[in-house]
Amino acid sequence: MRILYLDIDTLRPDHLGCYGYPRDTSPNLDRIAAEGVRFDNCYTSDAPCLPSRSALMTGTFGIHNGVINHDGFNADFRPEGRSRSFQNRMSSDTLPAYLKREAGLNTVYIGGFGERHSTFNYYAGFREIHDTGKGGMESAEDVTPTVLDWLDRNGSKDNWYLHVNYWDPHTPYRAPEKFGNPFQNDPLPAWLTPEEIERQKRETVGLHGIAEINMYNDNENPKFPRQPGKVTDMDGVRREIDGYDCGVRYVDSHVGMLLGKLNALGVLDDLVIIVSSDHGENLGELGLWSEHGSADAITCRIPMIIRWPGKTQGAADRGLHYNIDLLPTLAGLLGKEPRKSWDGESFAAAVSDGTPTGRDQLVVSQCCHGCQRSVRWGDWLYIRTYHDFFHLFPKEMLFNLAEDPHEQHDLATERPDVCAEAARRYLSWHDDMMFTQPEGYYHDPLWEVIHRGGPCHAHHHLKRYCERLEETGRGWAVPLLKERHPEEFR
C-alpha cells in the first residue's frame, strides 16, 4: 500500500474547481477528486495552523489536547500525567505512528511545519523527516524537488506514507512573478462589490481588516508583490483575490508534477491520495482579509478529498465532518481498530461504497487571533465571541450559509429562537467535552487563553492600534475598544 497526503496550507474548498469555483485554479486537484470522494462539509475542529494540525495528528479536540493557541501554555500539548507509560501516546496514536504500527508503512514527512511553530511532537511517528528549511515561508519550488527526489529513490517501493506540506495559498501570497496571472481577465466574486468595499472602509475595524491587512498596519513587503497591505477599491480586491488564486493554481501545477512522476514510476493507478488543509482563508468575509482568524465557515471549512483505488469514485458526501474524523476513517478502511484516545468518528463508509455519512452538528474553535466557538448544523452557523480580535463582533452572530455563504447578513437579532437552539447545542457539546477531559484537567483551555493575556495575535497591541485608528480617521471605534478591552490599557 502507498498513501500520498497533500497537506496544502490555507486552502479554501470554494476556490477549487471540484467544489464549484468558476476560475480554473485546480485542474490537477480536480482530477484527484473526480477519481475519489469529495467531502463538501469537512471542518477543522480547531483553527488555525497549530491547533488544526495538532487535532488532525492526534484525532482529538483542542479542548482535550490543550493546543488552541500559538503561544503560551496552550501552544503545547498537555502532559499525559500519571497515565503516561514508558512511551506516551505520541508513539502509537498519532496519524503517522498509527500507520507505521498498524499498517507497516514507512512514514515520511516533507515540509517545514514543525519548525514554524516549534511543535516538534508534530513529527512523532515519522520514520523520515525532510525539513524544507523555511518554516512555512516555502514556496512550492522549495518543496517539490525534495519530493521528486524521494520518489525517484523510493516511489516504486511498496508500503509508504508520504505527507507533503505545501504553503503557497498562505499569506503572504507568494507565487513567483514569472508565473504571471492567469486570472487577470476573470470576474471577481460577485459579493465583493464597490458598495461592500466602501461599507467595510466606513464601518469596520480590526486586525487584518480592510485597512490593515498586515495586521496592525498597511505595510507591504516588496518580496511579495501579490500581497496587498490594504484594499481601497476594486483594483485592490483584484490584487487580493488574484493573489490568493494564483497561489492555489501555482501549487496545483506542482501537484501535477508529482502526479506525472508517480505515473512514470507506474504506481499512480493503485495509489491512495488524500488532499486536505489546516484551514481556509477569509478574503473579505467578516471584515477579515488575508487571514484565518475566526471560527466561521470560511476559516474552518476545509477540503477533504480521498481517492482510494477500487472504492467509490466521482462522489460527493454532504455530511458534516471534522478533520479529526480522518484517523478513525483510515482505521476503518484498513480494517484496523481505532485508538481509544481519538475523538473522531469514521466516515469510511462514504469512501468504501458511497454510503452517506456525517454528524448531526459540529462545534469549531478559534483561540489564536480572537476567541470564538461556533456551532454548525443544518444550514446554520452560530458564532459565539469571547475575544473579538478588535473587530467589535457582537457576542452572538448567526448566518444561514445556504442563503448567505459569505456571511454578510447576521440574523442573530431576527432569530433568537435559532440562537437559543445553537446555545443549547453548544452547552451540550461543552458538557460532553468537560466530562471526558483527560486525567488531571478540569478546565476549558479557552478560558486559560483569555485569563493569561488573550490570544497570541491580539494581546498587548491595542494601544498602538488605537493610535492608528485616530490617525486614519476611525477614532469612533477607540472608545468602544477601550470599553470592551480595558485590560489592554492598564
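## Basis

The model is predicted: local features need pLDDT of at least 70, side-chain atom pairs count only at pLDDT 80 or more, and totals for chains, interfaces and linings use all residues. Residues are numbered from 1 along each chain as its sequence is written, and side-chain values use heavy atoms, with hydrogens and water left out.

## Helix α12

Helix α12 spans residues 416-435. Helices (H or I, at least four residues) and strands (E, at least two) are DSSP runs, numbered from the N terminus. The 20 residues of α12 reach 28 Å from first C-alpha to last, close to the expected 28 Å at 1.5 Å a residue. That expected span is 1.5 Å times one less than the number of residues.

The buried residues of α12 are Val418, Cys419, Ala422, Arg425, Tyr426, Trp429, His430 and Met433. Buried means under 20% relative accessible area, exposed over 50%, partly exposed in between (1.4 Å probe, protein chains only). Seen down the axis, the buried residues of α12 fall within an arc of 135 degrees, so they line one face of the helix. The arc is taken from the directions from the helix axis to the C-beta atoms. The face turned away from the buried side carries exposed Pro416, Leu427 and Phe435. The cover over the buried residues of α12 includes α3, β11 (315-322), β12 (362-366), β13 (371-377), β14 (380-387) and β15 (396-400). Contact means heavy atoms within 4.5 Å.

## Gln372 in β13

Gln372 sits in strand β13. Gln372 is buried, at 2% relative accessible area. Its side chain reaches the backbone nitrogen of Ala295 at 2.8 Å. A polar contact of 3.0 Å links the side chains of Gln372 and Thr385. Such a contact is a pair of N or O atoms within 3.5 Å; within protein, one must be able to donate a hydrogen and the other to accept it, and residues adjacent in sequence count only if both atoms are side-chain atoms. Beyond four places in sequence, Gln372 touches residues including Ser294, Val364, Tyr386, Phe393 and Met397.

## Strand β2

Six of the seven residues of β2 (37-43) are buried. Strand β2 pairs with β10 (residues 301-307) in the antiparallel sense over five bridges. Two strands pair if DSSP finds at least two bridges between them. Arg38 has Ile305 of β10 as its bridge partner. With β11, β2 pairs in the parallel sense over six bridges. Asn41 stands opposite Leu320 in β11.

## Thr60

Thr60 lies in the loop between α2 (49-58) and α3 (62-65). Thr60 counts as buried, at 9% relative accessibility. Its side chain makes a 2.6 Å polar contact with that of Thr58.
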